[in-house]
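Let's take a friendly walk through the charged pairs of this protein. Please open the structure and keep it beside you as you read.

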Amino acid sequence: MTDFLRGKNGTIHVAIVCAGYNASRDVVTLVKSVLFHRRNPLHFHFITDSIAQHILASLFHTWMVPAVQVHFYDAHELKSEVSWIPNKHYSGIYGLMKLLWAVFHKFKGQQVLGLVENQSDWYLGNLWKNHRPWPALGRGFNTGVILLLLDRLRKLRWEQMWRLTAERELMSMLSTSLADQDIFNAVIKQNPFLVYQLPCFWNVQLSDHTRSEKCYKDVSDLKVIHWNSPKKPGETDHNSENLQKTLSELDEDDPCYEFRRERLTVHRTHLYFLHYEYEPAPDLSDVTLVAQLSMDRLQMLEAICKHWEGPVSLALYLSDAEAQQFLRYAQGSEVLMSRGNVGYHIVYKEGQFYPATCCATWP
């Protein structure tokens, strides 16, 4: 769940709700896509649980991307604001979090929300017998990508507006099916003047019942692709500046230049690449097996897990492409997927040497 907002000095503010191990892994793909296409400084705002914050904070710290800022907000502190709303959406309570928060110049009058029309028949109520969606204007709007004029929303007393609407509709609807999207659409149904309709290529929706193929003629038209289904296929970083300065001061004629350069390399690190569940024994008698390996040793993982039932901490030295291969391998292995006490940490390849000393510090 992602929102974009242009701030001062051309910085693009990106708000993302992310919780848990799997969502943390998936959001990295989203971030890479944003970084690949960006032309402005970026400021990411992550509403996360403690797991996602731990993983993403480590990732961005080791990534050291210039002109990127990252801030985290504790989703636990916000849950009480929306937990009273019954919700059947697969994203759980996190699908309601967005109620809390270059196209803007096209907004007119009292328009405060920029949204793309929903590209399915969901809100028409004809997908199956007795299908009864929340009220919406026509096909409704999809909130997977949304622009918000926050200052105008505050003046319109947005918090009271959506809360009163939700309370009224829940008297007959009992729960939301599409999380925040149902409530946004119910508000818009009553106040259509609030919406500026974005061109559909800003939110090309690929759900089970999509009509998105009518949205574009060529892939070059696409801006944001939205896998809206559970069946899914800033400022200068001073650490980075200091590292580059130190690297530039190395003597390239030194016979040990490559080794000295490698010693200074900071490897991008993704902690807990797969779901992890482990509670240490009360008497602390558990022994953790710690190991490191690269792609050519991947076939050893199942054998290790079969012979060692205790907790395991594995550092895998992989490229981005190899990390995806590992993900498919692990998800297809009954042995690996049956274990919750194995922590897989990806250390992404950088340089020509294997960093044997970088991988033995995780608990």
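Start with Glu-322, which is buried at a relative accessible area of 15%. This is a predicted model, and buried here means under 20% relative accessible area. Which residue does Glu-322 pair with in a salt bridge? Its partner is Lys-349, and the closest N and O atoms are 3.3 Å apart. Lys-349 itself counts as partly exposed, with 41% relative accessibility.

Helix 10 (residues 320–331) also contains Asp-320, so let's turn to that residue next. Asp-320 forms a salt bridge with Arg-268, where the closest N and O atoms lie 2.8 Å apart. This pair links distant parts of the chain, 52 residues apart, with Arg-268 in the loop between helix 8 (257–264) and strand 10 (269–270).

Now move to Arg-168 and Glu-169, whose side chains meet in a salt bridge at 3.6 Å, N to O. Arg-168 is partly exposed, with a relative accessible area of 39%, but Glu-169 counts as buried at 13%.

How many salt bridges are there by the rule used here? The count comes to 5. As a general point, side chains of opposite charge can pair when their charged atoms come close.

Definitions and conventions. Residues numbered from 1 in each chain as written. Predicted model: local features only at pLDDT ≥ 70, side-chain atom pairs only at ≥ 80, totals over all residues. Heavy atoms only, no water. Salt bridge = Lys/Arg side-chain N within 4 Å of Asp/Glu carboxyl O. Buried < 20%, exposed > 50% of the residue type's maximum accessible area, 1.4 Å probe, protein only. Helix = DSSP H or I, 4+ residues; strand = E, 2+ residues; numbered from the N terminus.
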